[in-house]
Amino acid sequence: MALDRKDLAILAELTTNARASHTELANKVGLSSTALARRQKALEDDGYIQAYQAALDLAQFGLTTTVLVRIALESQSDDALKAFEAEVVKCPSVVRCFLMSGTDDYILIVLARDIQDFERIHRTELSRLPRVARVQSSFALREVVNRAVPTVVFGEAKR
């Protein structure tokens, strides 16, 4: 399915308010509610919209410390990568994990309550991951940008 300006406008609106009603969305993008509902369903069916989720204020849960953890493995063999990935998905404090190019094999995003909590996470979760040769951690001081989708995706539709 090729996306047109209306589809992009729908997606742009949903990224800022996924709970918007069909009527609200229809008014914002210039469609009838029926046409909007049909297009939104097509976007879901075609996989452009994969899920709807709530953005939580994690500080309300005490998770005020974001840590970027760079990991290098002993080897980049298929077995080492598979073993690491099979275990990292089980770490409850890891919210994102990226296989990387360059000097680090993986970058993890870890959420913790504070530095002491991260020490616990390091000891009980990260240090137990298989085939790890090096772990380096950096603490985020402040979040500057947090977008689910880069605005360039929507082109002129958002402007």
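This note sets out points on helix packing and on selected residues in a predicted model.

1. Basis of the note. Residues are numbered from 1 along each chain as its sequence is written, and side-chain values use heavy atoms, with hydrogens and water left out. Because the model is predicted, local features need pLDDT of at least 70 and side-chain atom pairs count only at pLDDT 80 or more, whereas totals for chains, interfaces and linings use all residues.

2. Helices H1 and H2. Two packed helices are described by the angle between their axes and the distance between the axes. Helix H1 covers residues 5-16 and helix H2 covers residues 22-29; helices are DSSP runs of H or I with at least four residues, strands are runs of E with at least two, and both are numbered from the N terminus. The two helices pack at about 125°, with axes 10 Å apart, which makes H1 oblique to H2. Axes are lines fitted to C-alpha atoms, for helices over the stretch in contact, and angles run from 0 to 180 degrees between N-to-C directions. Angles under 35 degrees count as roughly parallel, over 145 as roughly antiparallel, 65 to 115 as roughly perpendicular and the rest as oblique.

3. The contact of H1 with H2. Lys-6, Ala-9, Ile-10, Glu-13 and Leu-14 of H1 meet Leu-25, Lys-28 and Val-29 of H2, where contact means heavy atoms within 4.5 Å. By class, this contact has five nonpolar, no polar and three charged residues. Here Ala, Val, Leu, Ile, Met, Phe, Trp, Tyr, Cys and Pro count as nonpolar, Asp, Glu, Lys and Arg as charged, and the others, Gly among them, as polar.

4. Helices H1 and H3. These helices pack at about 80°, with their axes 10 Å apart, so H1 is roughly perpendicular to H3. On the H1 side the contact involves Lys-6, Asp-7, Ile-10, Leu-11 and Leu-14, and on the H3 side Leu-36, Arg-39, Gln-40 and Leu-43. The classes are five nonpolar, one polar and three charged residues.

5. Helices H2 and H3. The angle between H2 and H3 is about 100° and their axes are 8 Å apart, so H2 is roughly perpendicular to H3. His-22, Thr-23, Leu-25, Ala-26 and Val-29 of H2 touch Ser-33, Leu-36, Ala-37 and Gln-40 of H3. This contact has five nonpolar, four polar and no charged residues.

6. Gln-40. This residue is found in helix H3 (residues 33-45). Gln-40 is buried, with a relative accessible area of 8%; buried means under 20%, exposed over 50%, and partly exposed in between (1.4 Å probe, protein chains only). Not counting residues up to four places away in sequence, Gln-40 touches Leu-14, His-22, Leu-25, Ile-49 and Tyr-52.

7. Phe-84 and Asp-79. Both lie in helix H4 (residues 78-88). Phe-84 counts as buried at 0% relative accessibility, whereas Asp-79 counts as exposed at 57%. Phe-84 is 44 residues from Arg-128 in sequence and 9.9 Å from Arg-128 in space, C-alpha to C-alpha. Asp-79 and Val-69 are 10 residues apart in sequence and 21 Å apart in space, C-alpha to C-alpha.

8. Arg-131. This residue lies in the loop between helix H5 (115-124) and strand E4 (132-139). Although Arg-131 is not a glycine, its phi is positive, at about 65°. Arg-131 is partly exposed, with a relative accessible area of 33%.
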